[in-house]
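Look at the sequence and the model together. Find the helices, then follow this report from one part to the next.

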Amino acid sequence: MGSLKIENVKKSFGKVDVLKGIDLEVRDGEFVVFVGPSGCGKSTLLRIIAGLEDLTAGDVKIDGEKVDHVPPAKRGIAMVFQTYALYPHLSVRNNMGLGLKQAGTPAAEIEKRIAASSAMLSLEPYLERRPAELSGGQRQRVAIGRALVREPKLFLFDEPLSNLDAALRVNTRLEIAQLHRRLKATMIYVTHDQVEAMTLADKIVVLNGGRIEQVGGPMELYNSPANEFVAGFIGSPK
Ligand code: ADP
Ligand code: MG
């Protein structure tokens, strides 16, 4: 299970209204991509879903339950950041296992999950290395592996490929698509990149200025953008 319901979510920082009433449903197993210009509130919305940020109004429900009092670690969510956010002093193995260790998972179970995840991401040769000894692409795979070992019902990706060069971006995108097919987990993915959105998404959410402009399948948005803004973003001539 990993369905999500966002009901009239608003967020202000001081006097600035960043999210102005977001309503969205994500079905279990769906791959949903958020697109929109810089500053439109994509990361804020992800952080609210993850519980890393309080909301000003509205509700977030995971599998039908309000999660406003559920701490991030208990939401069944794992987040992958653009900047990887790895611990530099820990090996790949310990970066991947730390969250589970803190949650009290038995050591044998942690090792089992690290073995499975590192195999899936071709990270076995690097388990004893530190992040500084890895390429950017390898670091991002470690960050994905760290999410994977937690066996979350919901994965959140915040522009995970932005710091990678073009060739690696394609590879990593294909790996994420493959993970989605294998795990059948719910994934929410923020990107600026139209190709990423069109190829990964079951459903694209176009955000602008703290509001949703349109929600729909890639071809639906491409063929029938609701307005000029969506047309501009998805790149269909109108
Ligand atoms: P996006 O990810 O779409 O680029 P963000 O969600 O990061 O946008 O930011 C949306 C807006 O909220 C921006 O104007 C940003 O400056 C503002 N913002 C984000 N986080 C904070 C914060 N902690 N304090 C004040 N303003 C913030
Ligand atoms: Mg952002």
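## Helix H4 and its neighbours

The buried residues of H4 pack against strand E6 (77–80), H2, H3, E7 and H5. Packing here rests on contact: two residues touch if their C-beta atoms, placed from the backbone, lie within 7 Å. Helices (H or I, at least four residues) and strands (E, at least two) are DSSP runs, numbered from the N terminus. H4 is mostly covered, with eleven of its 13 residues buried. Buried means that 20 or more other C-beta atoms lie within 10 Å of a residue's own; exposed means 12 or fewer, and partly exposed is in between, with C-beta atoms placed from the backbone. Among the buried residues of H4 are Arg139, Val142, Ile144 and Leu148.

How far apart are the end C-alpha atoms of H4? They are 18 Å apart, which agrees with the 18 Å that 13 residues should span at 1.5 Å a residue. The expected span is 1.5 Å times one less than the number of residues.

## How the model is read

This is a predicted model: local features need pLDDT of at least 70, side-chain atom pairs count only at pLDDT 80 or more, and totals for chains, interfaces and linings use all residues. Residues are numbered from 1 along each chain as its sequence is written, while chains are lettered from A and ligands numbered from 1 in the order in which they are written.

H3 covers residues 107–120. Its 14 residues should span 20 Å, and its end C-alpha atoms are 20 Å apart, which agrees. Which residues of H3 are buried? They are Ile110, Ile114, Ser117 and Ser118. These residues cover an arc of only 95° around the axis, which puts them on the same side of H3. The arc is that of the directions from the helix axis to the C-beta atoms.

The buried residues of H3 pack against helix H2 (92–102) and helix H4 (136–148). The face turned away from the buried side carries the exposed residues Ala108, Glu109 and Ala119. After H3 comes Ser122, whose phi is positive, near 55°.

## Positive phi in two loops

Most residues other than glycine have a negative phi. Glu159 is not a glycine, yet its phi is positive, about 45°. Glu159 sits in the loop between strand E7 (154–158) and helix H5 (166–183). Is Glu159 buried or exposed? Glu159 is buried, because 20 other C-beta atoms lie within 10 Å.

Lys184 is not a glycine either, and has a positive phi of about 55°. Lys184 is in the loop between H5 and strand E8 (186–190). With 12 C-beta neighbours inside 10 Å, Lys184 counts as exposed.

## Ala166 in H5

Ala166 belongs to helix H5. Ala166 counts as exposed because it has 7 C-beta neighbours inside 10 Å. Ala166 and Lys20 are 146 residues apart along the chain, and their C-alpha atoms are separated by 34 Å.

## Around ligand 1

The residues around ligand 1 include Phe13, Val18, Cys40, Lys42 and Thr44. A residue belongs here if its C-beta atom, placed from the backbone, lies within 6 Å of the ligand. Helix H1 (residues 42–50) gives the largest share of the shell, three residues.

The shell divides into three nonpolar, six polar and one charged. Ala, Val, Leu, Ile, Met, Phe, Trp, Tyr, Cys and Pro count as nonpolar, Asp, Glu, Lys and Arg as charged, and the others, Gly among them, as polar.
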